[in-house]
Amino acid sequence: MRFEFIADEHVKVKIFLKKHEISKSLLAKVKFAGGNIFVNDQPQNAIHLLDIGDKVTVDIPSEKGFETLEAVNRDLSIIYEDEHFLVLDKPAGLASIPSVNHSNTMANFVKAYYIQQHYENQQVHIVTRLDRDTSGLMLFAKHGYAHARLDKQLQKKMVEKRYYALIKGSGELEPEGDIIAPIGRNPESIITRCVTKDGKYAHTSYKIVERFGDVYLVDIRLHTGRTHQIRVHFAHLGFPLLGDDLYGGTLEAGITRQALHCHLLNFYNPFSGQQIGRSSPLPEDFKQVIQNLKN
């Protein structure tokens, strides 16, 4: 893929491109895997000294898909797509990436989609993952450079993800609030996490959308991205997610997966200069639980 920039400093090409989040490893790929660097349409190398106003063009070589990732055909719910990014609405029950236990995953389906569309880059880059039983919006980058630029946004907390959850507990839950409690591994389990003073900083904010007796529909924003963060934080408050028996949630409310849905995704597209925002409605199993609670 070709990218063009206008130099605004009297510096070497590699220093200028670093400002645009083209890393040393990506420059090495450009040099050794069939890419090119041009300055004012003339071939140059990474140590060429730029003048202000020079046009810098970078050809980044295409990416082949990983041979170990099997392409599996499946219809996808595409919420947004451009040359650089893809947003999908993931159903519950599908893992994001393959593992010993999961081979039909979102990564497998996206690889098949890229092949069907004859895309130049066929490597799958997942920017935001979801647990197998969490539904909702997932963000993919369609090439490594786009992935690198979104990773920077994630580090700066510029990517906004909001979730709906159905939670149940005794006592009163404040109408809105922040849960700031460190999360680490549970010493008694290889799967679960817990709030522990030795854990990593974790910050979740929420607002109650609706209440049905001792069940609440809450709108949640993640400020950090710890494993199982939402599930751990609400269980810590005494309000585990419906269907989340791993963290003490009831299975008797009509939903047998953790009642968690990523309903909103906002990110900045650095290539178009636009803010991209997409949403996903409440899934059917949420609607059914809510209807049952209202009856």
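**Buried charges, salt bridges and surface patches**

Modeller: Arginine 257 is buried, with 7% relative accessible area. This is a predicted model in which local features need pLDDT of at least 70 and side-chain atom pairs count only at pLDDT 80 or more, while totals for chains, interfaces and linings use all residues. Residues are numbered from 1 along each chain as its sequence is written, and side-chain values use heavy atoms, with hydrogens and water left out.

Biologist: With which residue does arginine 257 form a salt bridge?

Modeller: A salt bridge here is a side-chain nitrogen of Lys or Arg within 4 Å of a carboxyl oxygen of Asp or Glu. For arginine 257 the closest N and O atoms are 2.9 Å apart, and the partner is aspartate 285.

Biologist: How many residues apart in sequence are the parts that this pair ties together?

Modeller: Helices (H or I, at least four residues) and strands (E, at least two) are DSSP runs, numbered from the N terminus. The salt bridge runs from arginine 257 to aspartate 285. Arginine 257 sits in the loop between helix 5 and strand 15 (260-269), and aspartate 285 in helix 6 (residues 284-294), so the parts tied together are apart in sequence by 28 residues.

Biologist: Is aspartate 285 buried, partly exposed or exposed?

Modeller: Buried means under 20% relative accessible area, exposed over 50%, and partly exposed in between (1.4 Å probe, protein chains only). Aspartate 285 has 25% relative accessibility, so this residue counts as partly exposed.

Biologist: What share of the chain's residues counts as buried?

Modeller: The chain has six helices and 16 strands. Its C-alpha trace spans about 70 × 40 × 35 Å along the principal axes. Of its 295 residues, the share that counts as buried is 47%.

Biologist: How many salt bridges does the structure hold?

Modeller: One of them pairs arginine 2 with aspartate 59, with the closest N and O atoms 2.7 Å apart. Arginine 2 is in strand 1 (residues 2-6) and aspartate 59 in strand 4 (residues 55-59), so this bridge ties together parts 57 residues apart in sequence. Aspartate 59 counts as buried because its relative accessibility is 13%. The total number of salt bridges is 17.

Biologist: Which residues are linked in a network of salt bridges?

Modeller: Glutamate 9 and lysine 19 form a salt bridge, their closest N and O atoms being 3.2 Å apart. Glutamate 9 lies in the loop between strand 1 and helix 1, and lysine 19 in helix 1, so the pair joins parts 10 residues apart in sequence. Glutamate 9 is partly exposed at 31%, as is lysine 19 at 44%. The network consists of Asp8, Glu9 and Lys19.

Biologist: Which residues form a positive surface patch?

Modeller: Patches are made of residues with over 30% relative accessible area and no salt bridge, like charges being joined within 9 Å and nonpolar side chains (Val, Leu, Ile, Met, Phe, Trp, Tyr) within 5 Å. Lys and Arg count as positive, and His and the chain ends are not counted; the place of a Lys charge is taken as NZ. Lysine 14, in helix 1 (residues 13-19), is partly exposed at 39%. The patch is formed by Lys12, Lys14, Lys18, Lys24, Lys152 and Lys156.

Biologist: How much accessible area does the nonpolar patch of Ile190, Ile191 and Leu246 have together?

Modeller: Isoleucine 190 lies in the loop between strand 11 (183-185) and strand 12 (193-195). Isoleucine 190 counts as exposed because its relative accessibility is 77%. By the Shrake-Rupley method with a 1.4 Å probe, the three residues together have about 330 Å².

Biologist: What is the phi of histidine 228?

Modeller: Histidine 228 is in the loop between strand 14 (215-222) and helix 5, and is buried with 14% relative accessible area. Its phi is positive although the residue is not a glycine, with a value near 60°.

Biologist: Which glycine takes a positive phi just after helix 5?

Modeller: In helix 5 (residues 229-237), the buried residues include Gln229, Ile230 and Phe234. The phi just after this helix is about 90°, and the residue is glycine 238.
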